[in-house]
Every structure is written in C-alpha cells, then in structure tokens.
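This report describes the fold of one chain, its contact with a partner chain, and the surroundings of a single residue in that partner.

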Amino acid sequence: MCVFCFMAGMPVQAADFPTKEVQIIIPWAAGGATDLIFRALGATTGKYLGKAVVVVNKPGGAGAVGYTEAMKAPPDGYTLASGITPLTILPHNVKTAFTYKDFEPVINVVSDPGMFLIRSDAPWKSLKEFLDYAKNNPDMITVGNSGAGGGVHLIALAFEKAASVKFNHIPFAGGGPSVTALLGGHVNAVTVSPPEGIEHVKAGKLKIIALFSEKRFEMFPDVPTVKEQGVNFALGQWRGLIAPKGTPPDVIKKLHDAFKKGMDDPVFQKNAKDMAVNLHYLGPEAFGKLMASEHELFGRLIKDMKK
Amino acid sequence: MFESLQHLIAGFGIALTIHNLFYCLIGAIIGTLIGVLPGLGPIAGIALLIPATYNLNAVSAIIMLAGIYYGAMYGGSTTSILLNVPGETASVITCIDGYQMAQKGRAGPALATCAIGSFIAGTIAILGLVFLAPPLAEAALSFGPAEYFSLMVFGFIVLCNVTGTSLVKSLMMAVVGLIIGTIGLDPVSGVARFTFDSMDLLSGIEFVAVAIGLFGIGEVLANVEKPLESLEGKVLVPRLRELYPTLEDLKKSIKPILRGTAVGFGVGLVPGPAPVIATYSSYMIERNVSKHPEEFGKGAIEGVAGPEAANNSACQAAFIPLFVLGIPFAPPTAILLGALLIHGVSPGPMLIGDHPQLFWGVIASMYIGNFILLLLNLPFVPLFANILRIPKKVLLPLVILFCVTGMYTVNNSVVDIWMMLLFGAIGYLLRKLDYEAAPLLLALVLGPKLEVAFRQSLMISHGDFRVFLDRPISMGFLLATLLFLLIPVFRIIVKSTGKGGGFRRSVGGEKV
C-alpha cells in the first residue's frame, strides 16, 4: 500500500507543479496564532505559486491528529503542514506515529522569543531581584504556562536550568487564561510568547521581567534581554512549513520560492506586524537543522522533567 | 453613564451607514445559517470568513464577524426543536422541551419563542455591556482556580439532576460523563490517559459527537422501531394560526425570558463553559418556580424560553472580557480576538480608549443586528415548522445524513462520525432504560474543567486544601452547595414535625 502511494507520488514533474491547489494542514483549531499566520501567508503566496493555497484545520491531540494525517499524505507537494515547536516536543511526551524526521523542511516563517511577565505591582523590580527571590525560596514563585508540555512550559523549564532556580509551574488551557490568572493575581508570573500579554505590557499593567531573545524588542527598547544581564539563555518558538517525507527536492524548491515571495509581500508583512509576530526566514536546510537541534534539546528537558 | 450614552449615539452613527448595515445583515444571515446546521458552529464559521474580511476596514469586519457569532446563537435551537439534534453545547437543554413541543404540533410557537426570547435577552444584555462593562470585567478577574473549582462543584451538584427525574439515575449518568471526560491528554501533566496509543483519542471525545449521538441519532433509532404506519403518515399539520405563539404563551414566557437573561449575563462573565451552565441553570430555575413542574420534559414553553434567553445573554456578556481586558473567555471570542489582530487592532485594556469608533460601532451594530435577526427569524418559522410535515420514513434518513455531514464539519474528522454513531446506539439504549442524557453531557463539559481547577489550586497552594476555604468567593460557593445538599434533610425534619407546607417547592424539589 505504502509502495503504491509512493509510486503514485513519483510521476510528479516539478516543471508542471502545481496543477491544482496546495493545502496546508494546520493541526490546531482555526483562529489560533498558527492558523492566522498561515492563512495570511497562504493568501499572499497563491499569486506567486499560480494556484490557491488552502488551509485545512485538523485539530486534536496537541497536534498529533493533524501531523499523523500530514505524514500519511502522498508526498507530491500538494499537502503541506505547519511545522511548529510542539512537533519536536510531543513525540517525547506521548507515543506518536511521527517525529520531525518524517517530514521535509520547506521554510521557516516565524520565530517568537519566550518571555516571563509579572504584574507591575509585583515586589520584584529587576531580573536579579526576581532570580534572587527564586533562589532563596525554591518552588514558591508560581509561573503559569499555556499547557503542560507545551512550548512555553518547556522554555520556562529550560530557563530554570540556565538560571539554576526552581519555579512552581501551573498549567492553564492556553496563553489567554494564563495571562488572565496573572492579571487577577492568582499566579506570580507567566511564561508566554508574543503577542500574548503584549497589550497589557503596553497598558502598564504587566511588565516583562525576563526576555529570552538575542535582540531587544523593537516595541520595548528599554527591556533588556536576560543575556545582557548575565544569564546565557535564549529560546523561542518557531512556525514553518513542512512536507511529507519523500516530496521531490525540486517540488520543495518551488514551494519554498513561492512561500518566500509570499513572506516578502508587503501585504503579509503588514499582517505580520499587526499580529506582533517576529518574522524569521530560514531556508529548508537551516530549518531542518533547527528542528533537529530543538528535538534533541526538548528530549533532554522532558527526560529531566519526568525524573 | 452620560458619557457612555454620547459614545453610543456616535456608535449608532457608525453602525447605521449603508456600508456597515450591509455587513451587519450579511453577518446575521450567515450566522443564522451556521446556527441552523448542526456541527458547523460559530467558531468554524468565523474562522472560515476571516479571510473574506481582509479587504474591509476593522469596524465593518468585526461588525460582520460578531454578527455571525450572535446570529449562530439565534439559529442554534432550530434543529434541537425540530429534530432533537443539538448543534452545540448551548442548545442541549432546548432539546428537552422544544422537541416535545414540536411533537405535539407546537414547533411554530417553540421556534418563535426562541427568536423573541433571544431578541429580548440580547437587547437587555447589550445595555449591561454598555453601562457595566469595565467594573464587571475587573470583577471577573477575581476568579482564580480556587473560585473556579468551587463554582464548578456548585454547578455540578445543583445542575446534575436538571430534568428532575431520578436523582440516582442522574448521578449515574454524570459519573459516566466524568469518565468519558478523562479520555485524552491530561491537561495538567500532558500524559495520555485511556487512549490506548490511539492518535484519535489523544484529543478526547468530541462533545458534539456525544450530544448529537445521544439526542439526535438515539431519537432516530427509537423511531425506527415504531410501527410502519406511524412512520408513513403525515405527523403534524400545523395550521397557520398555530404557527405563532398565543398571547398566553407569551405571558408564560416573559418571566422565564427575563430570569434567563439575568442568569445568562452573570454566568457569561465567568470564563469557561458559560453557555452550558447558563442554559442548565435557567431550566433548573424555571422548573422549580413553575406552578406545574410536571409539564417540564413534556413540552413546557418556559423550558424553551428561559434557556434560550440565557444562552443569548451569556453570548453578549462574553464580549465584556474580550473588549475590556482583551482576553477571550470562550472559544468563539478567541477567534474574534484573532480577527481583531489581523485587522491591526490589539484588544487589551486600552481598546475602548484607543479605538472608540470600533468599540461603540460594534456595540451599536449589535442592537441593530438583534433587530435584524428577529425580523429574519420570525418569517422562517412556518418554513421550518413545515419540515415536520415530511413523513418520518423520509425525514429520518435525512436527519442521519444531516448529522453525519454536520459532524464532519466540526473537526474534519471521520473518527468523530463513528463516535457519533456509537453514542447514537448508546442513546437508544438509554432511552429504553429511561436514563437522561443531559447529566452526562453536563459532566462531560464540566468534569475536565473541574479537574484542572482542582489540581491548579492545589499546585499553587502546595497541596494545602485550605485554599478553597480561605478565599471568600470560593467559600461562598461551597457553602451554597452544602446548603443545597442539606435542603432534603431540612424538609424531612420539617415534615416530621408536621409543618411540611413551606418547603414544598424549594430549590431542591427533587424526588430522591
């Protein structure tokens, strides 16, 4: 059966690709950040590809349902999936039929830094005070995250290691609820990535106590990164496109080129800016390397967490 | 308050331009259609239409998308009443008395009452939105995991026997619902539970599959075993004057609608499964204040009017946290948040100040939208009611087809369809054995949230159970729950001392 599928996929000639619309499987519900970004990118890429780009949501199982389906799709370039950080996390947490190795990298589009937010009226004025308190009171600072084993939870775990402190991690059903809990004073801090909580930072209700990026935010030039303050740590979440394993390289190249043009399109650039996402282009090779190294990193972190 | 009125008038100026009226109308029409189709709910509807708004300005786009959301709430009860198929969580309760009304030839009044109830509730709730939004939003923030847990406990105990039949059987069904709710990824530790390594079970059992299966498919199966003559004959031929509610119907409905509006508005401010708690609570209240509680479950119009109003008012209240805090408390408002971002509006504490034309324009458009929906829905009543003229042997296979396609649109998943059919078979058995599906569905929705809130609270308190008692709101809910459980005991005491009159129809009027 599999051989047959593979054979059926073979006669694809890059010269006439694409002859029909290309679909992107989003393993998350409609309306989330991933969904919105790829719907916007699909809208601008269509004209460069010559055929429409259709987004199909296959939510469920923290992404497992959609990735399993994308993995089984014929590798002919007509079915892609959004490859985002959880793809390299989930296989360490539960038994999945796939890892990142079952896909070909096409392009990375977004990379958002992780960060910790606290209330503006919190007792900690600086990262140093925050970490000193955490050191003296291990397990006492409650840090909300968007879901156990999710991207920002693992970022928080990794930061904990880098800063050699211990937090009390509280999972919520998404980034929104965790920020709400922080606003209501039910947790001391939250681990998020933009645009979550950004508006409350602008309004002065919350502040960024730790920023895990290499560079400062354009929006908040006064907020230093943790690297500048002596903790050698930077980690974020990426969102790119992947194709089922075995998709011919020339088809991948065609897709990559079209999506790259879609990314550079002023309409998409404006959409991305409005959504406060950090565009970060990587070609297939670099994106593949990123997934490999993250897979390894999260494997280690989860092993430690389960100890 | 005066300032709010001035802003509102300016908002009407924005909403009443031809351009925005047009998008409000489009949103209302699409919303109604989406609401009528089971499965395809407001979430999928809004998400699918976001790309269509790329070229609109933010105000028109949000006016249209918000119209889809509350429009879907209007239409949601149609299939519940006609076919016993609840399209979403909010319309489960409407199945109970709405479907019974339709079976008695009163589909028209049931549908019309829904539309009128939704209109009144929507209009009153928007007033609340205008004048009370900021303080209420701040109050909603005081709900942390501990408060949330206690609220869930209260809801669970009080609402579990919503239909007022056997308490033991209701509790049994609730436990089954709790068990089904544990399937999937554990939300706190991320461990897979009861999935047997199946990818399809990782996300748990889809609520809509259980709801449509137990109600819709179960009902079809129960009909199939009836004698052939009853399936071939025309069931009901409603006459024109029976299509709309009588004056007496309206008199009976008005108080339930007002009570439902109040309950829905309060519950809608709390994050989480507001539509379920709002509709169940309203039904519970109506059954308990009614002078003829025995009619409930057999086609009482109050059991349709109250919950439908509650549902709509909860839906409008959900806009408060979205607009004031920039935080969506429910999935449909989360999608709207995404739409705001796409249009360069970042919802947050500064939205009303930064984009007054958007906030007040959208609010004003809601008034207009509610009115459009009433005008749109009432003429449809005869059309929908006439569906029941179709002989059952033709109608029932169509219902199955309708359910299967509707189910697929929820997650684009074939597994969900099988799950729905499986629960259809279970629903048939439950019907035969006289078990109610409503408590199971309540537990399926509340159970996972209850568990998460419980574990979050204890993680925050390092395992100290006093966290539930130290906080006043949480303590209040727990005391109320205790009081409710003790009512039957009080009643026994009162009865045994020979003064049994006063407690006869108190809140806990169940036959235990």
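Two residues are taken to be in contact if their C-beta atoms, placed from the backbone, lie within 7 Å. In this predicted model, 77% of the contacts in chain A between residues at least 6 apart in sequence join residues that are at least 24 apart.

The secondary structure of chain A amounts to 11 helices and 11 strands. Its radius of gyration is 20 Å, close to the 19 Å given by the globule rule for 307 residues, so chain A is as compact as a globular protein of that length. The C-alpha trace of chain A spans about 65 × 45 × 30 Å along its principal axes, and 56% of the 307 residues of chain A count as buried.

Six strands of chain A form an open sheet with mixed pairing, in the order 2-1-3-10-4-11. Strand 2 and strand 11 of chain A each have a single partner strand and stand at the edges, so one side of each is left without a neighbour in the sheet. From one strand to the next, the twist averages 25 degrees. Within this order, strand 1 (residues 22-26) and strand 3 (residues 79-84) of chain A pair in the parallel sense over 3 bridges, and Gln23(A) stands opposite Thr79(A) in strand 3 of chain A. Helix 11 (residues 284-306) of chain A packs on the sheet, where it touches strand 3, strand 4, strand 10 and strand 11 of chain A, and its direction makes about 75 degrees with that of strand 4 of chain A.

Turning to the partner chain, 46 residues of chain A are in contact with 43 residues of chain B. Several elements of chain A each supply at least two residues of the side that touches chain B, among them helix 2 (33-49), strand 2 and helix 10 (266-274). The largest share of that side, 6 residues, comes from helix 7 of chain A. Its make-up by class is as follows.

| Class, side of chain A that touches chain B | Count |
|---|---|
| Nonpolar | 23 residues |
| Polar | 16 residues |

In chain B, Ala28(B) is found in helix 2 (residues 18-36). Ala28(B) counts as buried because it has 30 C-beta neighbours inside 10 Å. Leaving aside residues up to four places away in sequence, Ala28(B) touches Gly67(B), Gly71(B), Gly369(B), Ile372(B), Leu373(B) and Leu376(B). By C-alpha to C-alpha distance, Ala28(B) and Val414(B) are 30 Å apart in space, and they are 386 residues apart in sequence.

Note on methods:
Residues are numbered from 1 along each chain as its sequence is written. Chains are lettered from A and ligands numbered from 1 in the order in which they are written. This is a predicted model: local features need pLDDT of at least 70, side-chain atom pairs count only at pLDDT 80 or more; totals for chains, interfaces and linings use all residues. Two strands pair if DSSP finds at least two bridges between them. Helices (H or I, at least four residues) and strands (E, at least two) are DSSP runs, numbered from the N terminus. Axes are lines fitted to C-alpha atoms, for helices over the stretch in contact, and angles run from 0 to 180 degrees between N-to-C directions. The radius of gyration is taken over C-alpha atoms; the globule rule is 2.2 Å times the number of residues to the power 0.38. A residue is buried if 20 or more other C-beta atoms lie within 10 Å of its own, exposed if 12 or fewer, and partly exposed in between; C-beta atoms are placed from the backbone. Ala, Val, Leu, Ile, Met, Phe, Trp, Tyr, Cys and Pro count as nonpolar, Asp, Glu, Lys and Arg as charged, and the others, Gly among them, as polar.
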